[in-house]
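I opened my notebook to record what I looked up in one protein model. The entries follow in the order I made them.

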Amino acid sequence: MSKLQRILCMVLSAILLLAWMPASLAEDGATTEPEVEVTFPDELIVGHPTITNGDFFTEMFGNNTADIDVRALIHGYNLVNWDQNQGTYVFDPSVVRSVTASFDNEGDHRFNLVLADNLYYSDGTHITAWDYAFSLLLMMSPEIEEIGGKIYRAEHILGYDDYIAARRKIMAGEELGPDDVDFLSGVRVIDDYQIEFRLDAKYLPNFFEIGLLMTVPYPISVLAPGCKVVSGYEDETGMVGIKIVNADGSDTPIYTAELLKKTILDPETGYNTFPSVVSGPYVIKSWDGVTGHFEINPYFKGAWMQNNLPGQDGSFVPNEYLERARKHGKIVTDTDADGIEATYNDEPVELVLPTIEKIAFTVADNDTMMDELAAGNLHLVNKITYDETVQEGFALRGEGTVSAQNYLRIGMSFVTFDFESPKVNDIGVRQAIAWCMNRDELTAKYCGNNGQVMDGYFGLEQWEYQIVEGRIGAPVNFLADIDEIGTEITEEQQEEYDRKRSLHNMYYSNDEEKELLELEWEKLRKRWKDEEKGYTLLKHYNVNLDNANALLNTYGWTLNKDGTAYTGAEGEVRCKMINGEIVPLELSMMYPKGNHMAEFMQEEGMFADNLAKVGIKIEFVPEPMESLLRSYYREAPRTTDMIYLATNFHVIVDPSITYSMDNTVGHKVWNNTYSDDEALWEAAVNMRKTEPGDYYEYVSKWMTFQERYNIVLPAIPVYSNVYWDFWIPELQNYNIVNNVTWSQAILAAYFGLPEEEEEPAAEEEPAADGSMSFDD
């Protein structure tokens, strides 16, 4: 045996010896544990502080924030998507292949949409233009109202008022006259994959115009079996639009309130709680009143998410989360049925596929959720606000047990009033109550450094607020002079150039123009807040009992219960003679059962005892969240003068609906306070009537609305906050910051081992204690 052979044998023997060496021995003789195979959860368990109500269909029957998250998980293929790069709504290119827009002679805005031919429901049936037409007709149906829902107000669609009036006549058993129109004239289905919308000129301009066309497909075979949608043009029938008819051509209507009550609200099978055929990334398998279980929809082709994942400069660039998703086989190119790849802005449309097979979504108690997360009973907790819980999460993060991200809330908490109660109908009473609430201390106690007191109808994430506070730059953009293009200018180019130049303080062609535009934006910001002069547009209500007493005296709350003059003695309650009856200021406030904020309000110097000092008595009424929301949304009678709760706004915030003075049937129900302030409503309508893209004009009108809101106080804003999400390290590629909900962010996520040590960057670095800090 040669020397080389002997050396090789010795090496081989050593390798074999190490291979058979007991696991307790190592090179230095120290003990070591055998490698343990890493296992991942079979089901991702997501916890949320708010319990689901089971309204998983639409907001027509309730709008609990947890239910909203479920809807995003199971419903998909909306015609319109929020583009976080541009801060506006755009047509989703995975759903809408092309758009032709034009104005007709009456000024109505016409949109012709060509749809993708590769959309399917979870049962494998095709989604076509007829499904979108049905969804519109269903959402606005007076039959929905008859079974306790809130119908979709679609005044922006041409012919809406006439169609709804005719539907109401039919439901009442009345015969239609020659002028009645039993079809929706503003929508036409041209073929299976082409649909046309016409927006009524009376509703234009509208700042969020594209957003008005948001529509999710719902299956007529499940919701209205035996029915179909028909569409016509100006032919011998005289029908120009769409309507629902019996599929077999019979005359006795199948589409009735009774049918919808069965298909939507049946406690065992109703689509509102158990939507059996859906279009989103997951399908619901069960829900027991607390926990819902979901599995991947095998027919879901993927979600277009480039718009939710901008690069550092706001433009789309290869993003670390998309790149990780691509590495794990979660990215596919959208391809039509004929094999042609879809494109958007000359780039392939790429879709994200979910890979976490099963998800459970349940309620998680603030007081115990971090223990549950550490024990592995929860894997992700979402939208955490309560400071004690957040601090416990920081401790776990410090131990390496969890990962975390924070993000600003596009909503707020508030105390809302019932204007039908004579005790709080006076503007002076509402302002006096606001002067008794120690909002600064309440926010600090509940949110720690993660919250900020709000003085208007907005949250920290609202882009309007961010602009006027100077937290994001004004949307001032360069626009080259059209004469410098160097080629022949088309009519379309000239129209687009003229449109942009008509927008207020938006586009500049040289440095001098840029300076002037920036000066105008700075003037607008100083109208909001001028720190040098100590001026703010909105009044900051905090404890001032002198102001409260003066207001109550001015508005006539100057009696005792026996009719004698109120003196302010301890225990006295202010009263007022209203319609010949002495009405005491004995108020009641409903709040979510178990909510710590209500506990804080009853502590010394916070709220309740301040009210007592000015002659107002208050009772705190705990209520389960489900019944509280029923009361708030007017689905059950109001039993208290006030309700404390929190909300998250839609990206389209249209207070002209929330504070509408329109008493038409089906409209007032959206005004949850029954606010009766004409000036507030007019300010809201004026805000809405802004040319799309005219940010300066819109923000200016937004400020006017906020100024009136701050005076009228249909609700007392309390705080907006930073949300925190915490999750186990095995959940990789979860990025809530650039998504609206966890149920969107989860699509790009997967179970796996950490690929790098650093955590995802938050919007702002936390302070030493992990909390967010604010300049104001």
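**Helices and strands.** I began with terms: helices (H or I, at least four residues) and strands (E, at least two) are DSSP runs, numbered from the N terminus. The model is predicted, and local features need pLDDT of at least 70, side-chain atom pairs count only at pLDDT 80 or more, while totals for chains, interfaces and linings use all residues. Residues are numbered from 1 along each chain as its sequence is written, and side-chain values use heavy atoms, with hydrogens and water left out.

**One helical turn.** I looked up Glu-520 and Lys-523 in helix H15. Because they are three residues apart in that helix, about one helical turn separates them. Their side chains form a salt bridge at 3.4 Å, N to O. The term means a side-chain nitrogen of Lys or Arg within 4 Å of a carboxyl oxygen of Asp or Glu.

How exposed are the two? I noted the classes: buried is under 20% relative accessible area, exposed is over 50%, and partly exposed is in between (1.4 Å probe, protein chains only). Glu-520 has 25% relative accessibility, so it counts as partly exposed. Lys-523 has 48%, so it is partly exposed as well.

I also found a network: salt bridges that share partners join Asp-55, Glu-626, Arg-630 and Glu-635.

Next I checked Glu-513 and Arg-501. Their salt bridge has its closest N and O atoms 3.3 Å apart. Glu-513 is in helix H15 (residues 511-528) and Arg-501 is in helix H14 (residues 491-502), twelve residues apart. Glu-513 is partly exposed, with a relative accessible area of 24%. Arg-501 is partly exposed too, at 33%.

**The whole chain.** I then stepped back. The protein chain has 23 helices and 34 strands. Of its 776 residues, 53% are buried. I took contact to mean heavy atoms within 4.5 Å. Among contacts between residues at least 6 apart in sequence, 70% join residues at least 24 apart. The chain exposes about 34600 Å², and carbon and sulfur atoms supply 50% of that. Accessible areas come from the Shrake-Rupley method with a 1.4 Å probe; for residues, only the protein chains shown count as cover.

**A buried glutamate.** Is Glu-143 buried or exposed? Its relative accessibility is 1%, so Glu-143 counts as buried. Glu-143 sits in helix H4 (residues 142-146). Leaving aside neighbours within four places in sequence, its contacts are Arg-167, Met-171, Tyr-255, Thr-256, Ala-257 and Leu-260.

**Surface patches.** I looked up the rule for patches. They are made of residues with over 30% relative accessible area and no salt bridge; like charges are joined within 9 Å, and nonpolar side chains (Val, Leu, Ile, Met, Phe, Trp, Tyr) within 5 Å. Lys and Arg count as positive and Asp and Glu as negative; His and the chain ends are not counted. A charge is placed at NZ of Lys, CZ of Arg, CG of Asp or CD of Glu.

Which residues form the negative patch? They are Asp-365, Asp-367, Asp-371, Glu-372, Glu-388, Glu-392 and Glu-599. Helix H9 (369-375) and helix H10 (387-398) each supply at least two of the patch residues. Glu-599 is in helix H17 (residues 596-601). With 42% relative accessibility, Glu-599 is partly exposed.

I noted a nonpolar patch as well. Val-38, Phe-40 and Leu-753 form it, with about 250 Å² of accessible area together. Leu-753 lies in the segment after strand E34 (750-751).

**Backbone details.** I ended with the backbone. A cis peptide bond joins Leu-204 and Pro-205, with omega about 0 degrees. Pro-205 is in the loop between strand E7 (194-199) and helix H6 (220-223). Asp-346 is not a glycine, yet its phi is positive, near 65 degrees. Asp-346 is exposed, with a relative accessible area of 75%. Asn-733 also has a positive phi of about 65 degrees and is not a glycine. Asn-733 is buried, at 6%, in the loop between strand E33 (731-732) and helix H23 (742-745).
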